[in-house]
Amino acid sequence: MRLTGERQTDLAAVIRISQTPISRKQSGAATWTLDNLDRLSAHYGIPVPDLVAGIQCLPARRRAPLVGAAHLTISP
């Protein structure tokens, strides 16, 4: 979620649950269901096995702009 700039309420709407279970799942107090993983996979465009493995392969089109990125310059 951090990479996309989404809030828990945004993600909850996508996978059709309320914000509280999202918080519990992110903290490890609750587990993700297969249905949740399928919806997350579709939403983020990442295969379920990569989500489960924690592989960071979020497509560039889904990433939020970096804070201060407009001020970055690249030196030769």
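This is a predicted model: local features need pLDDT of at least 70, side-chain atom pairs count only at pLDDT 80 or more; totals for chains, interfaces and linings use all residues.

Student: How are two packed helices described?

Tutor: Two packed helices are described by the angle between their axes and the distance between those axes. Here, helix α1 (residues 8–15) packs with helix α2 (residues 19–27) at about 105°, and their axes are 8 Å apart.

Student: How are α1 and α2 oriented to each other, roughly parallel or roughly perpendicular?

Tutor: Angles of 65 to 115 degrees count as roughly perpendicular. So α1 and α2 are roughly perpendicular to each other.

Student: Which residues make the contact?

Tutor: From α1, they are Gln8, Thr9, Leu11, Ala12 and Ile15. From α2, they are Gln19, Ile22, Ser23 and Gln26. By type, the contact has 4 nonpolar residues, 5 polar and no charged.

Student: Now the salt bridges. How many are there?

Tutor: The count is 2. One joins the side chains of Arg7 and Asp10, at 3.0 Å from N to O. The other joins Asp35 and Arg39, at 3.5 Å from N to O.

Student: Where do Asp35 and Arg39 sit in helix α3?

Tutor: Helix α3 covers residues 34–44. Asp35 and Arg39 are 4 residues apart in it, so about one helical turn separates them.

Student: How exposed are the partners in each bridge?

Tutor: Arg7 is exposed, at 53% relative accessible area. Asp10 is partly exposed, at 29%. In the other pair, Asp35 is partly exposed at 40% relative accessibility, and Arg39 is partly exposed at 23%.

Conventions
Residues are numbered from 1 along each chain as its sequence is written. Side-chain values use heavy atoms; hydrogens and water are left out. Axes are lines fitted to C-alpha atoms, for helices over the stretch in contact, and angles run from 0 to 180 degrees between N-to-C directions. Helices (H or I, at least four residues) and strands (E, at least two) are DSSP runs, numbered from the N terminus. Angles under 35 degrees count as roughly parallel, over 145 as roughly antiparallel, 65 to 115 as roughly perpendicular and the rest as oblique. Contact means heavy atoms within 4.5 Å. Ala, Val, Leu, Ile, Met, Phe, Trp, Tyr, Cys and Pro count as nonpolar, Asp, Glu, Lys and Arg as charged, and the others, Gly among them, as polar. A salt bridge is a side-chain nitrogen of Lys or Arg within 4 Å of a carboxyl oxygen of Asp or Glu. Buried means under 20% relative accessible area, exposed over 50%, partly exposed in between (1.4 Å probe, protein chains only).
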